[in-house]
There are 4 protein chains.
Amino acid sequence: MTIRALVWGENIHERENAEVAKLYPDGMHSTIAAALREGGEIEAETATLQEPEHGLTEARLERTDVLLWWGHRAHGDVDDAIVERVQARVWEGMGLIVLHSGHFSKIFKRLMGTPCSLRWREAGERERLWVINPSHPIAAGLGEHIEIPMTEMYGEPFTVPEPAETVFVSWYEGGEVFRSGLTFQRGAGRIFYFSPGHETYPIYHQGDVQIVLRNAVRWAHNPAPRWRDIGEAPNVPTKEAPEALEERGPKLHAEGEAGFR
Amino acid sequence: MTIRALVWGENIHERENAEVAKLYPDGMHSTIAAALREGGEIEAETATLQEPEHGLTEARLERTDVLLWWGHRAHGDVDDAIVERVQARVWEGMGLIVLHSGHFSKIFKRLMGTPCSLRWREAGERERLWVINPSHPIAAGLGEHIEIPMTEMYGEPFTVPEPAETVFVSWYEGGEVFRSGLTFQRGAGRIFYFSPGHETYPIYHQGDVQIVLRNAVRWAHNPAPRWRDIGEAPNVPTKEAPEALEERGPKLHAEGEAGFR
Amino acid sequence: MTIRALVWGENIHERENAEVAKLYPDGMHSTIAAALREGGEIEAETATLQEPEHGLTEARLERTDVLLWWGHRAHGDVDDAIVERVQARVWEGMGLIVLHSGHFSKIFKRLMGTPCSLRWREAGERERLWVINPSHPIAAGLGEHIEIPMTEMYGEPFTVPEPAETVFVSWYEGGEVFRSGLTFQRGAGRIFYFSPGHETYPIYHQGDVQIVLRNAVRWAHNPAPRWRDIGEAPNVPTKEAPEALEERGPKLHAEGEAGFR
Amino acid sequence: MTIRALVWGENIHERENAEVAKLYPDGMHSTIAAALREGGEIEAETATLQEPEHGLTEARLERTDVLLWWGHRAHGDVDDAIVERVQARVWEGMGLIVLHSGHFSKIFKRLMGTPCSLRWREAGERERLWVINPSHPIAAGLGEHIEIPMTEMYGEPFTVPEPAETVFVSWYEGGEVFRSGLTFQRGAGRIFYFSPGHETYPIYHQGDVQIVLRNAVRWAHNPAPRWRDIGEAPNVPTKEAPEALEERGPKLHAEGEAGFR
């Protein structure tokens with residue numbers, strides 16, 4: 001089964017910063033999308049902040065199984081209405097993979113309900129992501145760890161809710177640790193946060209990082225029919241109750257009236 | 001140690017609906033606050049939608065250990081700025097107890113990151129809340145179940161994230177079930193959702209329901225110092241890294257520059 | 001990909017009790033295995049208590065992806081050595097589906113680390129399993145609930161650890177509730193507990209129950225390579241440490257010595 | 001309220017190894033018990049492997065609120081009957097704090113249901129335990145991390161079930177990481193695993209480590225009445241069902257008969 005992935009990129013530093021442009025001449029989103037296409041099972045398209053509706057129209061999201069999100073400098077420029085649209089699609093079953101500085105994106109903070117803050121340092125130090133559960137689908141094909149020669153340090157406490165699973169924990173040369181691969185579920189949507197990916201280093205060109213991205217897309221893909229009415233609060237009329245029931249007591253709502261929200 | 005609770009009530013149906021007014025002449029919030037005061041350990045005040053800033057000023061929240069929230073008809077009238085203020089206090093460590101129709105309150109939906117929807121029926125049917133873990137602090141002093149003679153049915157699926165603990169599960173006369181007592185944590189804040197409390201029935205006058213409310217306040221009280229900077233993302237300068245570290249590679253941020261958000 | 005399932009049956013009541021024999025003339029395990037084979041993706045074999053090594057030889061388990069377990073009257077007759085063997089295979093990645101009275105099987109209690117007790121009543125009452133998350137793979141193809149006309153009541157508290165996910169919650173005519181579909185993970189092994197299946201009723205002949213069994217086998221199948229050394233505690237010699245390291249301080253173990261266990 | 005703690009020590013290396021004896025002349029259990037007594041709220045006694053019934057008689061456990069467990073070389077010498085007794089008390093509500101090499105103790109493996117394996121290296125390297133949630137009661141009074149000058153490395157994967165909460169994650173000089181403080185619940189019993197404590201280093205003499213031990217005892221203490229019948233599976237006779245119920249269909253059990261186990 002083909003999985004339709006959409007890689008969303010903020011696409012600013014790639015154009016404005018010479019170092020980043022050298023590493024990702026077509027944008028980080030293009031590099032990531034190309035990595036997803038390897039293996040053949042994943043169809044990957046891209047969308048960027050600068051496109052109308054940030055490239056995340058209803059129609060586009062409708063045909064997206066898994067969305068990947070990379071943003072950093074312009075979280076505030078993402079339109080709230082688009083964020084709500086993405087959130088609604090996640091609830092319905094679209095997978096979401098949040099990358100690196102996307103920890104502070106509007107969409108991730110909304111889905112977590114927490115600050116999603118952390119500590120950081122940009123010193124080009126070494127990072128080693130340890131595989132916590134080698135049998136997890138997201139870790140398939142990896143060795144016992146991934147080594148990233150130069151990285152931005154992200155340190156604990158990472159203020160997210162207790163995750164469903166901790167897949168990776170990172171060691172940093174400077175002395176910190178970070179839960180660098182975490183899974184969550186919101187409604188029908190599976191969410192994976194993966195911390196590597198600072199734009200001044202060639203991290204998304206690394207083979208084992210690309211393996212994680214492909215695995216994560218496969219894992220986040222929920223083949224269940226979309227849960228269209230997940231946000232509704234249907235009234236179950238007394239005469240349609242599973243067990244025969246006689247009404248008693250005072251009522252607030254008239255027959256057939258909608259609930260308050 | 002005294003725990004300072006604040007009971008927030010929407011305070012509309014108690015004034016506009018004769019049935020509700022008869023049951024709760026001073027408002028549901030007053031009944032709940034009085035119940036909390038029994039036992040002596042909890043100081044309980046009240047606040048309502050109609051007060052300036054909905055009674056939830058910075059100063060008020062500052063001296064609140066645990067907030068209880070009952071809203072139904074006017075979720076949309078709660079000011080977004082106040083909701084953000086409450087959310088920030090929860091992250092810092094204020095406990096939050098969300099009651100009944102509060103499942104659709106802005107504050108609960110923001111903290112959960114999900115629709116928080118459910119199915120419902122107002123037929124005055126019988127509900128039985130089964131204690132899933134009798135050793136949980138919130139179940140202290142209860143028997144094996146709580147019976148509510150007339151209730152509004154709330155049915156699954158209840159679209160919240162997988163909870164930390166399932167404390168109660170409800171049986172309904174009409175044939176449905178509901179996870180009626182669930183715990184969550186967001187930042188330093190402990191959250192308990194408790195479904196009983198439809199306003200047309202005398203549910204908050206029931207002794208065992210009042211026991212749950214008092215237990216929940218004690219459980220949700222986090223005596224840790226407030227986590228004031230939970231939303232910040234501090235830079236750790238290279239020279240302050242726990243391990244001696246030499247910078248290498250290109251950098252995005254100049255020395256001492258704040259991160260993007 | 002074909003999934004190799006093995007259905008283990010205690011196979012006592014089917015032979016000794018006329019009522020059960022009428023419903024399951026070839027044993028419950030045969031009925032379950034036949035149900036798994038429908039759809040074509042699952043190869044299902046059976047094994048019973050009475051076979052040598054209970055039909056669970058090393059070779060048999062070696063070629064098993066998912067084991068289903070139904071036992072009731074003779075939990076104590078299952079050999080401890082076989083239980084340990086099954087447990088080790090679960091850790092390595094074999095899925096395990098524990099059915100009905102299997103809650104008190106040695107293998108389930110060992111994997112949970114808790115009493116796995118519950119309350120029960122055999123009155124042929126009605127049960128309704130509500131789907132908590134319709135997007136979960138185990139609920140694929142079901143409606144909003146499964147109804148079982150005659151069932152044995154299993155009531156809370158069900159003394160298992162907090163599950164990874166609650167997939168089903170049951171309503172009983174007599175007034176109780178039960179978390180009737182729960183997922184767990186132990187090592188690389190995915191575990192699903194599913195409560196329906198009392199032997200005096202034709203429950204495993206029901207179409208929607210069979211759908212759950214097939215879904216559960218697919219969900220429990222972990223395609224990862226077997227985690228053969230999961231029980232080992234390898235020493236990492238200082239000279240093979242990921243970072244250059246100089247030994248210091250006193251040591252308990254001589255170079256290359258195995259750890260204590 | 002006074003909490004009654006019991007510190008169990010294997011008490012072998014302290015007597016047989018000169019290095020360990022120098023650090024812990026009265027045994028590690030005595031050092032730990034003395035540390036618990038500071039602050040005054042905790043009454044701490046000790047028990048050792050060499051005492052009759054390993055010092056864990058029914059009467060002793062009966063008056064124990066929280067048991068701490070340090071073992072290493074002689075896990076196999078602990079009597080299975082005593083392990084079962086301890087496990088039963090944990091289920092009933094006794095807290096359990098498992099220290100360092102206790103990860104391979106019979107009691108911990110039984111309660112987890114997993115291998116509890118890990119990787120290790122004894123090189124006297126530096127360890128830094130990062131506080132993941134500073135608002136957790138077990139982290140009260142700590143700074144952002146604990147530094148241990150010389151430690152035994154314990155590395156991931158640590159094959160325990162997904163924990164309720166991750167309280168500490170460790171960084172090691174040699175390049176590994178470890179989830180060094182984890183909480184679990186089994187029945188009414190709260191369990192905390194804490195990895196520091198290799199016997200050849202003076203780790204339990206460290207002030208911040210002692211703070212963690214005291215905090216953990218307070219956290220693990222469950223004041224609920226003991227859950228005496230947690231292992232029983234009571235029959236609920238039809239005439240005592242919460243809802244009026246008429247029996248139908250065939251039955252396996254005669255009236256009043258006990259269930260199988």
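What follows is a walk through the predicted model, from the overall picture down to single residues and then out to the contacts between chains.

The model is a prediction, in which local features need pLDDT of at least 70, side-chain atom pairs count only at pLDDT 80 or more, and totals for chains, interfaces and linings use all residues. Residues are numbered from 1 along each chain as its sequence is written, while chains are lettered from A and ligands numbered from 1 in the order in which they are written. On confidence, the predictor gives the complex an ipTM of 0.96 and a pTM of 0.97. Chain A averages a pLDDT of 96, with 100% of its residues scoring at least 70; pLDDT is the predictor's per-residue confidence, from 0 to 100.

Chain A holds 7 helices and 9 strands. These elements are DSSP runs numbered from the N terminus, helices being H or I with at least four residues and strands being E with at least two. Along the principal axes, the C-alpha atoms of chain A fill a box of roughly 70 × 40 × 35 Å. Of its 261 residues, 62% count as buried. Here a residue is buried if 20 or more other C-beta atoms lie within 10 Å of its own, exposed if 12 or fewer, and partly exposed in between, with C-beta atoms placed from the backbone. As for contacts in chain A between residues at least 6 apart in sequence, 71% join residues at least 24 apart; a contact is a pair of residues whose C-beta atoms, placed from the backbone, lie within 7 Å.

Just after α3(C), C:G39 takes a positive phi of about 105°.

Over in chain D, 12 of the 13 residues of strand β5 (residues 119–131) are buried, so this strand is largely enclosed by the rest of the structure. β5(D) pairs antiparallel with strand β6 (residues 145–155) of chain D over 9 bridges, one pairing being D:W120 with D:Y154. β5(D) also runs antiparallel to strand β7 (residues 165–172) of chain D, with 5 bridges between them; here D:W130 has D:V169 as its bridge partner.

In chain B, B:Y172 belongs to strand β7 (residues 165–172). B:Y172 has 27 C-beta neighbours inside 10 Å and therefore counts as buried. Leaving out residues up to four places away in sequence, B:Y172 touches B:E125, B:E127 and B:M153. B:Y172 and B:R128 are 44 residues apart in sequence, yet 6.6 Å apart in space, C-alpha to C-alpha.

Now for the contacts between chains. The contact between chains A and B takes 62 residues from each. β5(A) gives the most to chain A's side, with 7 residues. By class, that side has 22 nonpolar, 22 polar and 18 charged residues; Ala, Val, Leu, Ile, Met, Phe, Trp, Tyr, Cys and Pro count as nonpolar, Asp, Glu, Lys and Arg as charged, and the others, Gly among them, as polar.

Between chains A and C, 11 residues of chain A are in contact with 11 residues of chain C. Chain A's side here has 7 nonpolar, 3 polar and 1 charged residues. 100% of the interface residues of chain A are also interface residues in chain C, so the copies meet through the same surface.

Methods
Pairing = 2+ DSSP bridges. Contact = placed C-beta atoms within 7 Å.
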